[in-house]
Amino acid sequence: MVVGCEIWGEQMSRDEQAKRGGKGTARPSSKTSYVSASLRQFLKSYERHCVESESCISPSVRRDVLRCIEKEKNMTKITLTFPENTPGTHVSPSLWPLLQAVRDTRYTHGRELTVWDLSPRQQDVADLCLLLEKRGRTEYPFRQLGLLDCRLDVWSLGRLGRAVALSSLTVLCLDYTPVGEEGVRALLCGLEGDNHVLSLSLCYCSLGPSSGTLLGALVSRSAVSLGYLTSLPRDLYVNGNDLQCGGATELVDVLVKHAERLALEEPSTLAADPTGITNSKPLRSSTASSKGKKRKRKGKKRKSVTTPAEIGPWLEKLHLSDNAIDTFGLGRTVTAMSFTQTICLLIKLSTHLVELDLSENHIGDENGKLLLEALQDRRAGEKTVLKVKVTTQMSADTFAAILKNSKKLKSVKKKKKKKAQK
């Protein structure tokens with residue numbers, strides 16, 4: 001009788017499994033359920049705040065959330081885009097609902113935040129900065145921030161710069177945002193502090209010749225050039241501006257002076273390791289006794305002593321495309337020849353530079369030959385072969401020789417970049 005009951009119970013369990021989709025069907029894991037539930041809660045909160053603030057809902061945010069729910073993965077990239085405003089609509093795009101949804105749900109999985117074509121209020125910028133800063137009970141570890149084609153005033157740029165210095169950001173991109181002279185000064189004043197930004201992009205931001213001095217001061221002091229304790233590249237993109245020969249020379253001159261200083265010094269571990277971090281032997285180490293046995297010392301074990309990293313420009317990628325570096329224009333005190341001589345010194349001396357983009361600048365054939373000689377000297381010195389891109393406005397032989405003595409460089413910053421798909 002007991003055996004019959006066991007068989008009947010086993011048959012009932014099989015029937016239940018068949019109703020649920022068969023024997024091989026597995027229940028969703030608790031982790032999967034948690035991911036889907038948190039994303040649904042995030043989307044619900046975002047849409048509710050959009051309705052309350054009379055803001056239009058971003059189709060890219062909704063699409064990304066639903067896609068991550070379908071794949072049962074956390075949403076690490078958040079892209080905020082909006083459709084073009086149509087006449088008669090009462091809703092306007094806003095950043096505030098997204099920031100509120102992140103706070104309401106304590107969504108800490110975001111790593112990249114990109115905002116397209118927006119005119120945020122100063123209050124929205126302040127809320128964004130508070131979200132980025134390492135303060136409060138909840139830390140939102142965003143690593144990349146992109147405010148592309150946005151309208152930011154001087155106060156917002158200064159506030160953003162101070163927030164970046166207190167955040168976990170390693171990549172800051174403000175492409176196509178009309179920053180201007182005053183705006184870049186306010187932004188870079190905040191970035192001069194102790195920050196972790198290793199890639200800075202200010203392409204097509206209406207920067208003039210005086211911005212070259214500010215950028216030079218930045219790369220000589222900030223973490224854009226240091227890059228220690230991380231594997232991210234050290235990049236500076238300033239394509240599509242109006243630095244001209246004078247501003248570009250001021251920027252490159254800082255890098256040249258540091259390279260010359262390193263060349264005069266004797267070879268050391270610092271020159272071999274651009275991080276500048278070398279571990280010395282512990283102060284208390286085990287010593288051998290006269291009998292050949294090791295004797296341990298009592299007391300707490302001290303940590304190894306590390307030398308502080310040297311402050312200096314360790315730029316690896318420098319993109320100066322389309323910056324009016326030529327001999328045209330009135331009132332130019334620095335010529336294209338002076339800039340070329342400076343950049344040639346950097347090519348010969350720098351052991352860290354791996355990419356150099358000078359395309360869409362008319363430096364001419366004579367300066368092209370100087371650039372070619374610098375590349376040949378670099379190869380003769382057994383340094384890393386550069387990826388170089390120059391304009392074709394020089395003789396075919398010089399252009400071909402430059403390509404032969406360098407690696408091909410693909411441009412990642414275009415003049416008219418299309419927005420993300422909506």
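I started with burial: 45% of the 422 residues in the protein are buried. Here buried means under 20% relative accessible area, exposed means over 50%, and partly exposed is in between, using a 1.4 Å probe and protein chains only. I noted that this is a predicted model, where local features need pLDDT of at least 70, side-chain atom pairs count only at pLDDT 80 or more, and totals for chains, interfaces and linings use all residues. Residues are numbered from 1 along each chain as its sequence is written, and side-chain values use heavy atoms, with hydrogens and water left out.

**Entry: overall layout**

I looked up the secondary structure and found 14 helices and twelve strands. These are DSSP runs numbered from the N terminus, with helices being H or I of at least four residues and strands E of at least two. Next I checked contacts (heavy atoms within 4.5 Å). Among those between residues at least 6 apart in sequence, 82% join residues at least 24 apart.

**Entry: the core**

Which residues touch the most other members of the largest nonpolar core? I found L202 and L320, in a core of 89 residues. Such a core is a set of buried Ala, Val, Leu, Ile, Met, Phe, Trp, Tyr and Cys residues joined through side-chain atoms within 4.5 Å. I then followed L202 beyond its neighbours within four places in sequence, and its partners include L174, V184, L187, Y237 and N241. As background, I kept in mind that nonpolar side chains tend to be buried together in soluble globular proteins.

**Entry: helix 10 with helix 12**

I wanted to see how helix 10 (residues 244-264) meets helix 12 (residues 336-349): their axes come within 9 Å and cross at roughly 30°. Helix 10 is therefore roughly parallel to helix 12. For reference, angles under 35 degrees count as roughly parallel, over 145 as roughly antiparallel, 65 to 115 as roughly perpendicular and the rest as oblique. The axes are lines fitted to C-alpha atoms, for helices over the stretch in contact, and the angles run from 0 to 180 degrees between N-to-C directions.

On the helix 10 side I picked out V252, L255 and V256 among the contact residues, and on the helix 12 side F339, I343 and L346 among them. The contact residues divide into 13 nonpolar, two polar and two charged. In this scheme Ala, Val, Leu, Ile, Met, Phe, Trp, Tyr, Cys and Pro are nonpolar, Asp, Glu, Lys and Arg are charged, and the others, Gly among them, are polar.

**Entry: helix 5 with helix 6**

Helix 5 (residues 122-132) packs against helix 6 at an angle of about 5°, and the axes are 9 Å apart. This pair is therefore roughly parallel too. The contact includes V125, C129 and L130 of helix 5, and W155, R159 and L160 of helix 6. I noted eight nonpolar residues, two polar and one charged in this contact.

**Entry: loops and positive phi**

I stopped at D149, in the loop between strand 3 (144-148) and helix 6 (154-164). Its phi is near 55°, a positive value in a residue other than glycine. D149 is partly exposed because its relative accessible area is 25%.

S206 sits in the loop between strand 5 (199-201) and helix 8 (211-219). Its phi is positive, about 60°, although S206 is not a glycine.

In helix 4 (residues 96-104), I found P97, L98, L99, Q100, A101 and V102 buried. Just after helix 4, R106 has a positive phi of about 50°.

Last, I looked at K369 in helix 13 (residues 364-380). K369 counts as partly exposed because its relative accessibility is 44%.
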